[in-house]
Amino acid sequence: MKNYKMLLVAAMATLAGFASCSDDDKSTPVNDLKVSITMPLTVENAELVSGTLKATNVATSKVYSQDTIENNTLTLRSLPVGVYNLDFEGKVKYNISINDTTAAGTLATVKQSVSNYAVTESATHQANTETMALEIYNAKEGLLITEIFFTGTLTEEGKQYIDDQYLKVGNNSDDTLYLDGVAFVQSDFLTTDKQDYTPDLMEDAMTINSIYLFPGNGQDYPIAPGEEVLLAVNAIDHTEANPLSFDLSIADFEINNESSETEVVDPNNQNVPDMIIWYQESKSVFVMHNRGFMAYALAKPEITKEEFLANNFYTYYYKFVFGERSFDMDGDAYILPNAWVIDAVNLSVEAVYEWNVTSATLDAGWSYCGKTNGDKNRYNKSVIRKKSGNKWVDTNNSTNDFEPEAKASMLK
Amino acid sequence: MKLLKYITVVFCVVAGALTGGCDDEYTDYYTSAEVTVVAPDTVQILQIQGVCAVTCLSNDMSYQSSTWNGKTVTFNNVLRGPYSILVSGTAMITTRAGRREVHNFRASSSYAEFMEHPTSVELQMLLLQ
Amino acid sequence: MKRISMIMAWVLGLGWTVWAGDGRDTIAEAGTTLAHLEEYHSLQAITDASFRKNPVQRWQQYATNLLEVAAYYNSRGEDEAFVLQAGNRQWAVGGRVDSYYQLGDRNVVWGGASYQQGGRKNVKWNSTSDFQAVYPYVLADSMGGNLDSERYTFYGGCATRLGNWMIGEELTFRAEHEWRTYDPRPRGIVTDLLARLGGAYDWNEYRWGVGAGFHFYKQTNDVDFYQEAGVIPEYQMTGLGEDYERFKGTNNSAYYKAAGWLLDVNILPQDCKGIWFAAEMGLSPYRRVITTLNALPISKLNVWDYSATAGWNAPSGRWYALAGMKLQRRLGNELIAGSSSSNDYQELGYLTMYRNRFLNINGVGGWNMAGFETRVEAGFQNYKATYEYPSREMSFSKVYGRIDARWKKMLGEGGKLSVSGYAAYYHNIDDELQMPYALMDEARAAMVRQCALMAQSSYLTAGGGARYDWLPRWKAPFGVFIDLQGGYRGNKETSGYEVSASAGLFF
């Protein structure tokens, strides 16, 4: 006899044991998110003048934003519970104290992000809270100095030829950036001459003696991701004067100095856009320190040329010690707030290196061409930023980021 | 016959029950991690302002926090695994001479394991001049 | 090729021995008659065969013997691939041998072998062979391409009666090689062995069987680039578009290993009439090991398969019904890799990041009439895949209905024509897709959306074909056949075809 009942029981028992699958019903509760913005301790009288907080829901890509600031806090109301990327961008006004009575007011664009922040439900209706600490420097914007050729070349007679100096700027981000209004600056202090300057502003600003801006009205000079532009001190074909040099008439930009020395004429290539001169210490032509004793940087000033020249000039003081004698010295220069600096590179030489002339937050190391002061082997060489894959290396440390004593790319 | 009947039913039930067990499931996903900044011997930290960013080396996901409890930042509910840590910010310190100063600082580690419940990591502070 | 020749010779030799050594006198009894072919080709027989996996249950599966040798060609194509990782075109041409033979009253043997060459086109986001077996842990890149393949299989088994007891054993083996001749160049070599043992006892008009099986699987998988300039990163995929970021790039050499098991129980009526029951469960644990990282076991995928079916075969033989379920669960465990020293990583533990469940419940009813048979099926499918963090989910539910019909007619002397057709519609009743799009690059997000679009669409399949068997008396016991089948599958996004043709001889 076929025992159907038993077989049915056996079948049901097996079926009953198999994995149960119950799907949870999904609903989307909401909650508020309060984000407090805090200022760095190094900044005096900092005031958050404006800012926008955006919260991007990771799952839906929907963006919620808020630009009303109350007591340095922004509140996003009724955010659906989930994981968000928070991005804050704003402007901070603060002072850089030059002395007891003088301060340079400055404006800085600040950004901060928090990724994968979980907005959670609250049974007691308490808002989620998060703090975003601002950093008043932006040396991570994407534009980088990718090569500095400062040593010059040698002529066939073995003499130095330094008119062919150049700089390359690259876009290390994934977006198209614009060179319009970006500044190229040279430090006033030497990395081979450490002094106790007063006021000591290095943690807040870079002391510079030359500042040139890329021309343009905002989007006239795009630079695509991974691209480089060539800024020549003189955008001419240098092989005419020195057959061992190279042709810089193909440069994208040039520094055309308004020389007050009538016998010194800076050649101007009409086909190459000129950098806009905000200030240059040299009364004749601009020349990079060809032994590499200075620092160079890219920056994005937040104020006009007139405001910069009026507010950012200062006089520094130091004691020059020579043997047993010391002399009170002073110097005039301009301060470039660290908040504006996009990328900075310190250059020096091992035998005479004494210090970096920028804050370590901008550049914790230095690079070089040559091992000694006036090294005769330094010519035709550059410092070239290393690449990792198709991105440039950028750890804000020129010791790691640059290949020293590399053959100048224009000579390859 | 009774024995066979019994065996059949038991086998079916056990086969069904086995669907839920006998499985390698590892569900200890998350932990909390405390990152503490340790000052050099010559200074004492009074206040810290800054961002601690931890990045999971397995999936490249990162988390940031600026909420300091003294010298410590706590990340609740991070995926267990290996992380790199970078702290940057400003610190108010007193020197051995008693002078109060404010410095930018950095602290970092290229590898830290967030595996225990909770995990605690100490990083040496690098004061930037 | 030498090995294949040996296998073919073994199988053909068995058939020759059967024919040459058989002591029967009449031609009609020496081989298989056309009418008896029905027990191999009817819709009910095809349905029934899918539940006779325990080797002992193949005893008296067929009343007559058959040896079939054929050459075949299969092809399918879609405008857009239904499964990106499988490509939108596939073809195969090969030869096969299948046999079933009763050795007296106490033994049944069966066996077969096949060899084919083939290929796929436009395989994307998958540089690993056997995708359906080892997903989601595959190597993948965004470029993809076409693949060539070569495969041979053989199987053999035996069931023996010892009074009321029966024992059975079966071995199934597959070896496959898949490759591409331009960059990126994946190469997969698969060996897959399944050994099954079964025992049964005849009691109370039923055959009560239990069985066990062991599954050994290995695949070596690597991707090469011959042109240095064209090297693109290969991703260690971990499920629903996620990948193991730490090991992406140039870790292009890996292997899979699995040593699995299965258990089955089946209660079938000895006369094939009345209620019956079959259930099976098994585990295949696939380990994926990266050879370029000192044999780092980056993932462990536990694939659990369960099935249970109960059915009824009417005493008249005219109709049958069954209801059943199939469930597959995948648990993906990812390695937590610690610090490394010279590419030697510590193993800190595992996390079950990927879960996947596919449930199919169906009911089938079939009717056989003189010269015509039909089969209807209705069912429900539920699929859910999740990734723990960052949270991802893809799921859908479908209800479906299918109808098959087959008409057969004897034609002239020694000819039999059978014409079959089917149509099925899978209607999607619910779906869900949650992805952390803000964290995904455009190519990855597009891939996930495309996979979800195809998986969550309702679709129609339909097709038909004809088979002609010819066994005139003067040719007995050797007959010849030709079989042509074609089908259509389409959803609102794309449509495709499949064709198969085979021809050969039987006896």
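Colleague: Which domains does the domain assignment of chain A give?

Modeller: Domain 1 of chain A covers 30-133 and domain 2 covers 143-411; such bounds come from an automatic or database domain assignment. This is a predicted model, in which local features need pLDDT of at least 70, side-chain atom pairs count only at pLDDT 80 or more, and totals for chains, interfaces and linings use all residues. Residues are numbered from 1 along each chain as its sequence is written, while chains are lettered from A and ligands numbered from 1 in the order in which they are written.

Colleague: How do you know which residues of domain 1 of chain A are in contact with domain 2 of chain A?

Modeller: Two residues are in contact if their C-beta atoms, placed from the backbone, lie within 7 Å. By that test, 11 residues of domain 1 of chain A are in contact with 14 residues of domain 2 of chain A. On the side of domain 1 of chain A that touches domain 2 of chain A, β5 (82-97) and β6 (103-119) of chain A each supply at least two residues. The largest share, 6 residues, comes from β6(A). The centres of the two domains of chain A, taken over C-alpha atoms, are 34 Å apart.

Colleague: And what classes of residue does that side of domain 1 of chain A have?

Modeller: There are 5 nonpolar, 6 polar and no charged residues on the side that touches domain 2 of chain A. Here Ala, Val, Leu, Ile, Met, Phe, Trp, Tyr, Cys and Pro count as nonpolar, Asp, Glu, Lys and Arg as charged, and the others, Gly among them, as polar.

Colleague: What is the mean pLDDT of chain A?

Modeller: The mean is 87, and 90% of the residues of chain A reach 70 or more; pLDDT is the predictor's confidence in each residue, from 0 to 100. Over residues 6-25 of chain A, though, the pLDDT is below 50. Beyond near neighbours in sequence, that stretch has 41 contacts in the model.

Colleague: Let's turn to chain C. Why is strand β13 of chain C called largely enclosed by the rest of the structure?

Modeller: A residue is buried if 20 or more other C-beta atoms lie within 10 Å of its own, exposed if 12 or fewer, and partly exposed in between, with C-beta atoms placed from the backbone. In β13 (residues 296-313) of chain C, 15 of the 18 residues are buried, so the strand is largely enclosed by the rest of the structure.

Colleague: How do you know that β12(C) and β13(C) are joined?

Modeller: Strands are DSSP runs of E with at least two residues, helices are runs of H or I with at least four, and both are numbered from the N terminus. Two strands pair if DSSP finds at least two bridges between them. There are 17 bridges between β12 (residues 274-290) of chain C and β13(C), which run antiparallel, with Phe277(C) opposite Ala310(C). β13(C) also pairs in the antiparallel sense with β14 (residues 319-341) of chain C, over 15 bridges, and there Ser307(C) stands opposite Lys326(C). The hairpin of β13(C) and β14(C) has 5 residues between the strands, with Gly317(C) in the turn at a positive phi of about 80°.

Colleague: Why does Asn252(C) count as buried?

Modeller: Asn252(C) has 23 C-beta neighbours inside 10 Å, so this residue counts as buried. Its place is the loop between β10 (242-243) and β11 (253-269) of chain C. Leaving out residues up to four places away in sequence, Asn252(C) touches Leu139(C), Asp222(C), Val223(C) and Glu234(C).

Colleague: Why is Asp130(C) called partly exposed?

Modeller: Asp130(C) has 19 other C-beta atoms within 10 Å, and therefore falls in the partly exposed class. Asp130(C), too, has a positive phi, near 55°, and is found in the loop between β3 (107-123) and α5 of chain C.

Colleague: Where are there cis peptide bonds?

Modeller: One joins Thr198(A) and Pro199(A), with omega about -5°. Another joins Tyr135(C) and Pro136(C), with omega about 10°. Pro199(A) is in the loop between β13 (183-187) and β14 (205-213) of chain A.
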